[in-house]
Structures are given as structure tokens and as C-alpha cells.
Amino acid sequence: MTRKIGIIGDGNVGAAVAHHIVVSGITDDLVIIDHNDAKVNSDALDFRDAMSNLKFHTNIEVNNYESLADADVIISAVGHMELINANKDKHDRFAELKANVEEVKDVAKHVKESGFNGIIIVITNPNDVITSLYQRETGLAKERVIGTGTLLDSSRMKRAVSAKLNIDPRSVIGYNLGEHGNSQFTAWSTVQVFDKSIFEYAEKYNIDLDEIDNDARMGGFTVHSGKGYTNFAISASAVKLAEIILQDAKTELAVSNYREEYGTYLSYPAIVGRNGIEKQIDLDLPEKEQKQLQKSADYINQKTREITN
């Protein structure tokens, strides 16, 4: 069966996603869409020029929404990072909100008209609010519209923990939950290293968990301050999610998915497969973390209402 992925938005993030997909060979057909014709056609030619030196072949098409009708996955990399640049001292992804809302509404209209019925993966910020907007505007079932959410922030937490313990970050398990933004938090009750609680390591090695939590939350802005955007880590998150969907791998991930009890999209572990969110997980969080999650949900709900009123 032929696999097809669409990428909407060919800026720094979208191009990194496309590059990751082409090099890893996870799809047969790739459709890249961007309003900048010169940029998207140049990237497509660049990828085709690379093809004879790559392990995999990928058919590449540009700026054809109709071709998304039979796509398995669409990745939204639409974004206005320059607006964060202008507000960099505020460390606020909501600086992009107004501009991204209008662009996402237009994109969603074209996606809906194409007849697409696959899974949408949303990178666009502010992630949870924009994921909700995509679901509303496309009319797709909630489980078929997923935000990358704190999949990236959880990875940043694992990087920070692994640096303290001098181990591979893949040896760390656990989640950051809530908003992909300032109200997120590390759910330390879920974090383990070599099957032992992180609290044991924190006590033994005098690790400041609050410092690591802040590192994970602010990691994107740290990268952003150095080069004006983030792209490699988020592209790895989005492509991992796409690959799991294509393989129907039914893998547990902390991604932005709609939680009925909170009335919003937020990051919480779920089983992801061919149908998107296959099953939602219920964590036994301590009271402190439950309150943190509720606070984050309330913030996302507030911001979502602002774009729907």
C-alpha cells in the first residue's frame, strides 16, 4: 500500500520535517505546500537532486491540495516565528496566535475541500489551541487531529535528566503534561530511570528537579535565542508521530489530544496508531500534579475561547 504524507508550511520547521522524512524514507509520496512558490519548488528540486545519493526514493509534489485527498497524514508546520522574535523577552508562543489562526482557517478550508480523511499532526503554535482549531474547522473526529504537544518537552526533560546522570536520554521514561507552553510541567511521579523513581536519583545525586523542569519548559526559547527558530527537535517529534501512525504501532506517547474531562486539547499520554488516538490513558497523578494539570487546562480553555468568541 502506497504511503503519502502532506506537509503544509515550508519554513524552517516544515523544511526540516521534509528533510527528515525524505532521508528516513517513511513515505512513498510527499506533498509540500507553501504560499512561497519559489521556496517550495526550490526545496523540492533540492530533494530530487539528493535522491540518487539516498537510501530511499520519495516522490515529491508541491502546492496541490487536491493531492491530499488520499494522504495518510498531514503535518501542519504553518507558523510565524518572526512574531516570537519580536516578543522574545516574553517567552510566549501566543505571540503567533492571531496570525496563525487566520492562516490555519484558510489551510483547514482547503484540506476539508480536498476530501482528506487521514490524521492531522499539528506543530503550529500555540499548539493546543491551534490543534483544537484544526479539528473544528476540518470537521474531522477529535481522535484524528493530534498536536505534537509535550512530546518535544518530554524529550527536553529526558535530555536534561540524562545530562545530570551521564546516560542516554532514551533510558529515561516519563512525561511533561498540559500545555505546550508556559503552563506545562514535568509530572515527576511518572519519571523513571532504569526502573527506579527519579526521586531516588534526585536524593542520591542532589539533583534539583525544579531546575530540570524549568530547563524543559524554556528549552525551546533557549534554542530560539541562539538561531531565531527551533526546527530539528520538533521535526523529530512530528516525524516519529507520523511513523507510528503509518505503522499502526499503537505506541504510548504524551501528545496533545482532546480530553473530555478537561474540555480541551492538552498533552496527556495516549495510545497512537493508524486511527490517530486509539486509546486514552489515565494516570494516577498525585494531588499536586492534578492541580497543575487543571491549571494548565484552564489556561488553554481560556485562550481557546478567545479565538472562538
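Student: How do you know that the span of helix α5 agrees with its 12 residues?

Tutor: Keep in mind that we are looking at a predicted model. The expected span of a helix is 1.5 Å times one less than its number of residues. For the 12 residues of α5 (residues 127-138) that gives 16 Å, and the end C-alpha atoms are 16 Å apart, so the two agree.

Student: And what makes α5 "mostly covered"?

Tutor: Buried means under 20% relative accessible area. In α5, 10 of the 12 residues are buried; among them are N127, V129, L133 and T138.

Student: Why is I130 called buried?

Tutor: I130 sits in helix α5. The cut-off is under 20%, and the relative accessible area of I130 is 0%, so I130 counts as buried.

Student: Which residues is I130 in contact with, leaving aside its neighbours within four places in sequence?

Tutor: They are L97, N100, V101, V104, V122, T124 and N125.

Student: Which nonpolar core is the largest, and which residues have the most contacts inside it?

Tutor: The largest nonpolar core has 38 residues, and I5, I21, I75 and V272 have the most contacts inside it. Helix α9 (residues 232-247) gives the largest share, eight residues. Another core, of 37 residues, lies apart from it and includes V31, A71, I130 and I307.

Student: How do you know that the length of helix α10 is close to what is expected?

Tutor: Helix α10 (residues 287-308) has 22 residues, for which 32 Å is expected at 1.5 Å a residue; from first C-alpha to last it reaches 31 Å. The buried residues of α10 include L293, A297, I300 and I307, and what covers the buried residues of α10 includes α4, α5, β7, β8 and β11.

Student: Why is α6 called oblique to α8?

Tutor: The axes of α6 (residues 151-165) and α8 (residues 209-227) come within 8 Å and cross at roughly 135°. Angles over 145 count as roughly antiparallel and 65 to 115 as roughly perpendicular, with the values between them counted as oblique. The angle of α6 to α8 therefore makes the pair oblique. The crossing is right-handed.

Student: Which residues meet where α6 passes α8?

Tutor: From α6, D153, R156, M157, R159, A160, V161 and K164 meet E211, I212, D215, A216, G219 and G220 in α8.

Note on methods. Residues are numbered from 1 along each chain as its sequence is written. This is a predicted model: local features need pLDDT of at least 70, side-chain atom pairs count only at pLDDT 80 or more; totals for chains, interfaces and linings use all residues. Side-chain values use heavy atoms; hydrogens and water are left out. A nonpolar core is a set of buried Ala, Val, Leu, Ile, Met, Phe, Trp, Tyr and Cys residues joined through side-chain atoms within 4.5 Å. Buried means under 20% relative accessible area, exposed over 50%, partly exposed in between (1.4 Å probe, protein chains only). Helices (H or I, at least four residues) and strands (E, at least two) are DSSP runs, numbered from the N terminus. Contact means heavy atoms within 4.5 Å. Axes are lines fitted to C-alpha atoms, for helices over the stretch in contact, and angles run from 0 to 180 degrees between N-to-C directions. Angles under 35 degrees count as roughly parallel, over 145 as roughly antiparallel, 65 to 115 as roughly perpendicular and the rest as oblique. A crossing is left-handed if the near helix is turned anticlockwise from the far one by less than a right angle, and right-handed if clockwise.
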